[in-house]
Structure formats: C-alpha cells, structure tokens
Amino acid sequence: QVQLVESGGGLVQAGGSLRLSCAASGSFISINAMGWYRQVPGKQRELVATMPNGGSTNYADSVKGRFTISRDNAKSTSYLQMNSLKPEDTAIYYCNAEVVSLRRNVYNSWGQGTQVTVSS
C-alpha cells in the first residue's frame, strides 16, 4: 500500500503564496496520475489540478493562471504552487495518486489533507 503525506498548508493573507507537497511512500510499481483536490465543509470535494505521468496538466477554471502543479517522479512527490491566493481558496487540500501496485492492480489513494486558510 502507498501512503501519501501532504505538507505546506497554513494561514496566509490574500494575495500571498503557499506551496503544498505530497510525498508518496510504501510499496508500489509506479504512480500514474497525481492530483490535488479541495473540500470545504458542506460541499463536495472538487478537483484543483491533475498531472498524468508524462501527460498534460488539467486545472479547475477557478485556479488557472494562479496555481501550478508539478511532480518529481524520482521522489514520488507532487507539488502545488499556489499564488495570488484568495479567501475562496480556503479549504482542506487533499493529494490523490493513481497507483500501480506490486500485483499490477491500479487503485486511487488519498492523503490525510492539509488546511489552507486565506484571510482577507
């Protein structure tokens, strides 16, 4: 099984920046897509950005031009650089990975989430 650990969340003023990291560890063959989602209380979890392994990135319209997803395959780590943050970006941010297990099963794994709070 893979474990995803997020870090980098916190409190920032509007217009500021944060960089989230998601490190995958455990036993697996490879990771296909990695992505970031966010959720606020009472609402559904929504996609923020995804990045396939070697494919093109995909962003929610609300973050295009402000957020950048990247990954370091050698470290099995994904990053989300968030600039020009707005109060409406406040949420718990979750890392997601599509993992190829040692038995070559493909499954989705989630991190525990990291809180991002943007003050106005």
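Visitor: Which residue is joined to Cys22 by a disulfide?

Guide: This is a predicted model, in which local features need pLDDT of at least 70, side-chain atom pairs count only at pLDDT 80 or more, and totals for chains, interfaces and linings use all residues. Residues are numbered from 1 along each chain as its sequence is written, and side-chain values use heavy atoms, with hydrogens and water left out. A disulfide is a pair of cysteine sulfur atoms within 2.5 Å. With an S to S distance of 1.9 Å, the partner of Cys22 is Cys95.

Visitor: How many residues apart are Cys22 and Cys95?

Guide: Helices (H or I, at least four residues) and strands (E, at least two) are DSSP runs, numbered from the N terminus. Cys22 belongs to strand β3 (residues 18-26) and Cys95 to strand β9 (residues 91-100). The pair thus links distant parts of the chain, and the separation is 73 residues.

Visitor: Is the disulfide of Cys22 and Cys95 left-handed or right-handed?

Guide: A search of the whole structure finds one disulfide. The torsion about the S-S bond of Cys22 and Cys95 is about -75°, so this disulfide is left-handed.

Visitor: Is Cys22 buried or exposed?

Guide: Buried means under 20% relative accessible area, exposed over 50%, and partly exposed in between (1.4 Å probe, protein chains only). Cys95, at 0% relative accessibility, counts as buried. Cys22 has a relative accessible area of 0%, and therefore Cys22 is buried.

Visitor: What is the phi of Ser76?

Guide: Most residues other than glycine have a negative phi. Ser76 lies in the loop between β7 (67-72) and β8 (77-82), and Ser76 is buried, with a relative accessible area of 18%. Although Ser76 is not a glycine, its phi is positive, at about 50°.

Visitor: Where is Arg104 found?

Guide: Arg104 is a residue other than glycine with a positive phi, near 70°. Its relative accessible area is 63%, so Arg104 is exposed. Arg104 is found in the loop between β9 and β10 (106-110).

Visitor: What distance separates the C-alpha atoms of Glu98 and Asn32?

Guide: Glu98 is found in strand β9 and is partly exposed, with a relative accessible area of 29%. Leaving aside neighbours within four places in sequence, Glu98 is in contact (heavy atoms within 4.5 Å) with Ser30, Ile31, Asn32, Ala33, Val106, Tyr107 and Asn108. Glu98 and Asn32 are 66 residues apart along the chain, and their C-alpha atoms are separated by 5.2 Å.
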